[in-house]
Amino acid sequence: MAGCMAEMVKVAVDAMGGDNAPEQIVKGAVEAVNESSHVKVFLVGQENVVNDELAKYTYNKEQVKVVNATEVIETAEPPVMAIRKKKDSSLVKALNLVKDKTCDAYVSAGSTGATLVGGQVIVGRIKGVERPPLAPLIPTEKGCSLLIDCGANVDARPSHLVQFAKMGSVYMEHVMGVASPRVAIVNIGAEEDKGNALVKETFPLLKNCPDINFVGNIEARDIPAGDADVIVCEAFVGNVILKMYEGVGGTLIRKVKAGMMTSLRSKIGAVLVKPALKNTLKAFDLEQYGGAPLLGLNGLVVKTHGSSKAVEIKNSILQCITFTEQNINQKIKEKITMEES
């Protein structure tokens, strides 16, 4: 067993972070180790609480380790202060496991602000990376696309967006298996001269980038159709796109379900279409895609929704396996240094 342990991807999970901690976090961790023998989860949190949750499940004990952390960083706390003051919090201790290379990756549904600050301050940026972006996968008609950035850098510069495009291309190619991923920049029109100052300045830089497959502008309405694999924007725009996506998706699902219950005929129809509809709607459920990696750091940091249930935690942990096995950070490093030389 010891020999196989060395090959395992080790993931530090903030067991106390998020609206549904620790129950759903621990459940998701157990589901991940039960699904894959290639991962070892370090559950960081209040030992007795975490162990009480673990006692509910059957799993390979070799694949789960509990790391005691006495403090919890609440979502509303100022991030910088919380990181500085709460050294024994589950969030800080989990990030430190990545910093000291005990673990390859970190997953948390806790404070986004503290994760972003801690990722940069504790784990640290890859040399040459100006700003690490948050990059969630979003469902589209053709599969899924990477939205980069969705929340880390609201005042990005053109050079940052060029790096986002490069990092996003590496991720889509090597984690999602998309050959020569199509990169587009979010704009309010298809024409090259449209947009605000940031987009106008970034467009020619992306166009002249030899190592990405740049396909031009993308309007928001074309994102769900899957017209690009990597969708580049600064975090204000990205966050609006993501939240609108979630809101419209949830509303449509509720309206479809309500519509099926309006009459006896529709109820009979609902029984017939339910299996096919369930599969279709599942593809548009953001939980299926795991969390958003904060790309460009010296280790993998993944932020999942604050409201994450076990399935999203499980998928976020499993996503860390491919990321680590494909050596994504090394590939990002090579792409960024190539740009400097």
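Colleague: What makes you say that the side chains of R221 and E219 meet in a salt bridge?
Modeller: The rule asks for a side-chain nitrogen of Lys or Arg within 4 Å of a carboxyl oxygen of Asp or Glu. For R221 and E219 the N to O distance is 3.6 Å, so the pair falls within the 4 Å limit. Bear in mind that this is a predicted model, where local features need pLDDT of at least 70, side-chain atom pairs count only at pLDDT 80 or more, and totals for chains, interfaces and linings use all residues. Residues are numbered from 1 along each chain as its sequence is written, and side-chain values use heavy atoms, with hydrogens and water left out.

Colleague: How many salt bridges does that rule give?
Modeller: The count comes to 12. Side chains of opposite charge can pair when their charged atoms come close.

Colleague: Why is R221 called exposed, rather than buried?
Modeller: Buried means under 20% relative accessible area, exposed over 50%, and partly exposed in between (1.4 Å probe, protein chains only). R221 has 66%, so it counts as exposed.

Colleague: What about K314, and which residue forms a salt bridge with it?
Modeller: K314 pairs with E35, and the closest N and O atoms are 3.1 Å apart. The two belong to distant parts of the chain: K314 sits in helix α11 and E35 in helix α2, 279 residues apart. K314 has a relative accessible area of 15%, so it is buried.

Colleague: And what ties D211 to K166?
Modeller: Another salt bridge, at 3.7 Å from N to O. D211 is in the loop between α8 (197-207) and β8 (213-218), while K166 is in helix α7, so the bridge ties together parts 45 residues apart in sequence. K166 counts as buried because its relative accessibility is 6%.

Colleague: How do you decide what counts as a helix or a strand?
Modeller: These are DSSP runs, numbered from the N terminus: helices are H or I with at least four residues, strands are E with at least two.

Colleague: How do you know that the length of α2 agrees with what it should span?
Modeller: The expected span is 1.5 Å times one less than the number of residues. For the 13 residues of α2 that should be 18 Å, and the end C-alpha atoms are 18 Å apart, so the two agree.

Colleague: Which residues of α2 are buried, and what do they pack against?
Modeller: The buried ones are I25, V26, G28, A29, V30, A32 and V33. They pack against β1, β2 (39-45), α3 (47-54), β3 (64-68) and α11 (310-325), where contact means heavy atoms within 4.5 Å. An α-helix has 3.6 residues a turn, so residues three or four places apart point the same way.

Colleague: What makes S169 buried?
Modeller: S169 lies in helix α7, and its relative accessibility is 4%, so it counts as buried. Leaving aside residues up to four places away in sequence, S169 touches P181, V183, I212 and V230.

Colleague: How do you know that both faces of β11 are covered?
Modeller: L300 and V302 on one side and V301 and K303 on the other are all buried. In a regular strand the side chains alternate between the two faces of the sheet.

Colleague: Which strands pair with β11, and in what sense?
Modeller: Strands pair if DSSP finds at least two bridges between them. β4 and β11 run parallel with four bridges, and A105 stands opposite L300. β10 (residues 292-294) and β11 are antiparallel, over three bridges, with A292 partnered by K303.

Colleague: What makes K101 and S180 stand out?
Modeller: Most residues other than glycine have a negative phi, and most peptide bonds are trans. K101, in the loop between α5 (90-99) and β4 (105-108), has a positive phi of about 70°. S180, in the loop between α7 and β7 (182-186), has a positive phi near 45°. At 58% relative accessible area K101 is exposed, whereas S180, at 46%, is partly exposed.

Colleague: Where are the cis peptide bonds?
Modeller: One joins A21 and P22, with omega about -5°. P22 lies in the loop between β1 (9-14) and α2 (23-35). Another joins I148 and D149, with omega about 25°, and D149 is in the loop between β6 and α7.
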